Amino acid sequence: MKIGTYMIWAAVAIGTGLLVLLGYFIELQVLLGLRLLLLQWAVLLAAAALLVGLFNLLSVHWSKVSLQEVGWPYSAILILFFLVTLVLGLIFGPDYEVVRLLFNYVQLPVEASLTALLAVALTLAGFRLVSRRRDLVSVIFLGSALLVLIGTGPWPVASDSFIAQGFGDLRAWISQVWAAGGARGVLLGVALGAVTTGLRILLAADRPYGD
Amino acid sequence: MTVEGLVGITLLVVFVILILLFAGLRDRWPVVLRPIESFRLLGQRIERAVEAGQRVHLSLGTGSVIGSDSAPALAGLAVLGKVARETSMSDRPVVVTAGDGAMTLLAQDTLRAAYNEAGAKDRYRATSGRLLAPTPFSYIAGLPVLLASEDVSVHMLIGSFGAEGALGADFGERNRIFVLAGTDDVQSQALLFATADHPLIGEEVFASGAYLNVGHLHRSSIRAQDVVRLLVVVAILIGTLLRTLGVGL
Amino acid sequence: MADVRCPMCGKPNEEHAEVCEFCGARIKPLTVGDSPPESEFPGAQQPENGDTWLSRMRPEGDEPEPEDAQEGEWLGRLDDLSDDDDEGQAADWLSRIGPDEEPALPDEPEAEPTWDLETGAESGLDQPSDGEGEEAEPEAEEEEVPDWLGRLRESEPQVTSGESPAEDEPPAADAPGAFDPAGFDAEGDEEPPAFEDEPESEQPEWLSGMREIESEEEGPPEGEIPEWLAADVGEPVAVPEAEDLAPAQTGELPDWLEELRAAGAEEADLEEEGPPDWMAEDRPPEEPEPISFESESFTEEDAPEPWDEGPTEPEPAAPEPAEPEPAEESAEGVPDWLSGYGETADVEEGEEVPDWLARIRAREAGEAAELEEAELEPSEAEAPELEDEPELEPIPEEEGLPRVPALILDDEGAGPPEQDDVDFDAIELPEWLSEARAAQAEAEAETPGEERSGDLAPATLPSWLEAMRPVETFQPVIDLEPEEDQVVESVGPLAGLRGVLSAEPVVAKPRAASIAGTRLEVTERQFAQADMLRRMVADEEREETAVPPERRPLPLLRWAVSLLLLVAVLLPIGLGVPSFSLPSRVPRDLGPLISLVNSIPTDRPVLMVFDYEPGFTGELDAVAGALLEHVMARELRVVTLSTRPTGPPLADRLVRRIGAPHQVENGRNYVHLGYLSGGPTAVQLFAASPRDAVLDGFDLPSVQEDRDPWATPLLNGVGRLSDFGMVAVITAGPDNARVWAEQAHPFMNETPLVMVLSAGAEPLVRPYFEGLNPQVNGILTGLPAAVAYEQVNGRAGDALARWNGFGTGMLVAELLLIIGVAYGISRWVLRARAG
């Protein structure tokens, strides 16, 4: 029974993946239409999955509140704002003024602050990096970062000087040649890894859909 | 069919053949993996976490299933299955979070399958696979509370992350727990290199399944990947040479 | 019903007859107290019922305790037990628990049976002794030795020669208990001479026959040792003092009590009373003093093994007839295995007896000589042997005589039952009782040497041997008990006999209690380990106080870095300093972009995709604002879209803010297509068919009834992606840029694709821009380019407003990185130098 179920799901997954993949490479109208149909289904399923995920989010925090686990007040606040925003969004739409206010004055500042925190974290990580990880790569990493920063940011004095211009060019050279070249190489490997991962799923070696 | 399409299909077919071939030759020609300290330490830390009754957390990132950024998350799901089996008997089984609803469902399915395989079906909890938040920064904002309240000692980030992934790794470092982070985004990899103790660079995130012995196809796919990489490198070199010689393609 | 059949001869007797009229065997078993015979062996029948055996013993405590007659006390108590069985106070009898503290009772001499195999069983065992006991009492009190014991001691020399005569005896006779296994086996077959003689007259035929056979076959008839016992005897264990050996056999206590008692009582008894001279006799003449290490260690400090306890002094088994024990059985003789039991002890003693033991024996021999005549007269069969023991040592026939005690005492010797033989030390008492006993034992242990008044010359131990001699470190499994403490058999054919060897202690009884009272000799290391163990146990028991979680150090460095960066960003905004010069050169990518925007026809709307998270508004709003400013300055219509749920409000926010100076109007100058769900997949769908992918707008004009954004007049004529005048993707990451460049660009035809990027994404997107067939037609990245764009636009926007703060923050970050690198490298170098 288990094997039969697993084979059904695997067959569905493999068939769907092959259709989309072939539709990308083979310009057959049938395949293209089928591929677009499957993509639309995927989008719909993703939206439905988002609802399921939101329900999961709510249930997790509801459980925290009911059990009064550590940090349950935060969960309670989350549930409160979740329900308020959801109700307002469902009734009045996402462009309702209150919802936009919530976005502009709650979510946006919070996320912007997190980005600022990221700047602090990166600066601190750079400060500690050589001390924490004593290797040449770390030194090169920080040296490159330093050069790019110097070449990117404005100079308090002599910004038009030859040195400033030189750092600007050096930064462009580093980022557009070395960094971009290295990044492309990395991306190539990442792409191969992604392809491999996808093929494993098509071969049913990986079954994230379960058994 | 265009030339690009033909090349693409050919490449995929070759890829599949190589994977299956190397899987068949795994006894004669076993795959030898380059030692990665991060994966070695990961096994140790997971064992310690199980012994100490602490939680292992796996973040699948903020990528969606239907996007190109789903690949690292799918690799993370393979790792999740392995880790879930290993920690199924722990007092505090693994918890997995995602920033996408569909990815959350896949995580729950993977957990369920892993517990079934481990014979611990009753230990499965749907809340072990969580949608932490639907947006990247809100997802990251939820991590500190999760790490603190769940007594997480192993913090793995294997999925698609933007720059916010560096912040997620930094939260783990603040808690002084084991942080292993890998993603497909090169920019984020650079940030993770600075903030995470154990960053996965390049395609290492896709090799995590092979290093954790998820299955022999993972190991054989690593070798197939290397072969195809060599082919691509050769193709790039040939193209560069031809372009240098003025031969248009 | 009126008749009671004798268990031995089977002949009917009167119902109330205590002994068999025909064979003299005891019909009514002797019991301790009033308890029925079957309850006398708590270890066997009621092991868990402590109250039962306690109740049986308590009556003993009612007896007065003469302080000076320590060894005879049990006689009195036994006597009283036979008369008065009421349960006395536990404290009373407990006060006599210690074997050394058991003073002879006033009626002790009376109670002392003169174990005569012929008559003792009938007359003596049940009846308290009268006249003779009284005569012996003074002596017993003076010498702290009951007269019966004295007689026994006197008889012992007859068996194996006296203390000194032991040297004269042939080895075969006096070395029955040789410590070497071979010798022991050979000697174990010997029987005590007293036993040999006594039972011959009245012992049952079967028993006498057996003894005869044994004596004939095996020489010194000290008693047979069963094979199993002989095997055990093979161990070189020293023989304890005679005082211990004898009572062990005759004690009326259950053997488990004997076993337990041996630990605490043996040594003091030995020291006080001294060994009987027979022990001295047993010593081989050639080695009176030489002491082997093994024997010494066992004989002095440690009680003997169980197999050498009881049988050595079988005679004391007789003095217990007064006790309501099954005397009829005792009268029938001792089985050969029992006689062998006694034999073993003799054999052992005969050889390697330590000097202290020799002294004790000598003293006891002297004492016994004084007592023998007064106390041991009643026993016809035994008296000659016992009384004349010192003198009769050389008597040849006695050398080989069995040492099994007389099974039947004569009437005179039928003293009170030796119920006090109960080994109180060995009993598994409750804790409160054990404490009292321990105190007694300590008191006893303090005065051991003083009482060693023997005739034996003190042995001279080499100093090194003396040093090696373990002191109280080993306690034998079963100690010999004073004869008065020995158990009187209550059931079976040996009922009434004292000191009957019970196999139970050897086989089944737990032996831990016998070691309880010993002191261990430990080394420093052992002590340290024990102390460590004690501390560990104490730690386990100690209630752990809640340990607060490890307090993390304050993130001072993080705070410092945050503060520095915050000040660096806010300082220029608040104070205007420091001020950074604006870029003097226009970036090389900006010119083409400006030209591209200027070339967009005004009748075609511009699609701007806000694919970034709210967290990146700080950078991307400024960069995208410059482009939007340029577009709006050209009065191009703007259509916004986002593949992220947070994109539409971001777009609305920026468009409203940038368009405010241009007085743009929703629906006329701009429209929001809203959220394109589906991520990268949706991008492809949108590129293929925009109207099918987007069905609902965001913040559409209120005048528009339909929620369909495509119904907006602004979008008239737009059905494909190529219908837009330009597509600008504002994104923070390269992935979105790549998606649009790869998925949407094929559907755009001549429509330019512009990327507005965060500075970090530029290196990865630039190849799409600088390629041979560029998929990206324009690129705008980073705040410096935005500042330059605003300069070109001629309108200061967000980029210029943040320029100084951006410059200061960058400068601080650079300094921090430099410091961090320098610090790390210096630590690295210093540690490398330090090795």
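Me: What is the mean pLDDT of chain B, and what share of its residues reach 70 or more?

Reply: This is a predicted model, where local features need pLDDT of at least 70, side-chain atom pairs count only at pLDDT 80 or more, and totals for chains, interfaces and linings use all residues. Residues are numbered from 1 along each chain as its sequence is written, while chains are lettered from A and ligands numbered from 1 in the order in which they are written. The mean for chain B is 90, and 100% of its residues reach 70 or more. pLDDT is the predictor's confidence in each residue, from 0 to 100.

Me: Which elements of chain B have the lowest and highest mean pLDDT?

Reply: Helix 1 (residues 3-24) of chain B is lowest, at 89. Strand 5 (residues 178-182) of chain B is highest, at 95. Helices (H or I, at least four residues) and strands (E, at least two) are DSSP runs, numbered from the N terminus.

Me: How do you know that strand 1 and strand 4 of chain B pair?

Reply: Pairing requires that DSSP finds at least two bridges between two strands. Strand 1 (residues 55-61) and strand 4 (residues 152-160) of chain B have 6 bridges, in the parallel sense, so they count as paired. One bridge partner of B:V56 in strand 4 of chain B is B:V154.

Me: What is the strand order of the sheet in chain B?

Reply: The sheet is open, with 6 strands in the order 3-2-1-4-5-6 and parallel pairing.

Me: What makes strand 3 and strand 6 of chain B edge strands?

Reply: Strand 3 (129-131) and strand 6 (198-200) of chain B each have a single partner strand, so one side of each lacks a neighbour in the sheet. From one strand to the next, the twist averages 15 degrees.

Me: Which strands of chain B does helix 4 of chain B lie across?

Reply: Helix 4 (residues 101-117) lies across strand 1, strand 2 (95-98) and strand 3 of chain B. Helix 4 runs at about 175 degrees to strand 3 of chain B. Axes are lines fitted to C-alpha atoms, for helices over the stretch in contact, and angles run from 0 to 180 degrees between N-to-C directions.

Me: How many residues does each chain give to the contact between chain B and chain A?

Reply: Chain B gives 57 and chain A gives 56. Two residues are in contact if their C-beta atoms, placed from the backbone, lie within 7 Å. Helix 4 of chain B gives the most to its side, with 10 residues.

Me: Why is A:L114 called buried?

Reply: A residue is buried if 20 or more other C-beta atoms lie within 10 Å of its own, exposed if 12 or fewer, and partly exposed in between, with C-beta atoms placed from the backbone. A:L114 has 21 such neighbours, so A:L114 counts as buried. A:L114 is found in helix 4 of chain A. Leaving aside neighbours within four places in sequence, A:L114 is in contact with B:F137, B:I140, B:A141, B:L167 and C:G615.

Me: Why does helix 26 of chain C lie largely in the open?

Reply: Helix 26 of chain C has 18 residues and the number buried is 0, so helix 26 lies largely in the open. Across chain C, 64% of the 835 residues count as buried.
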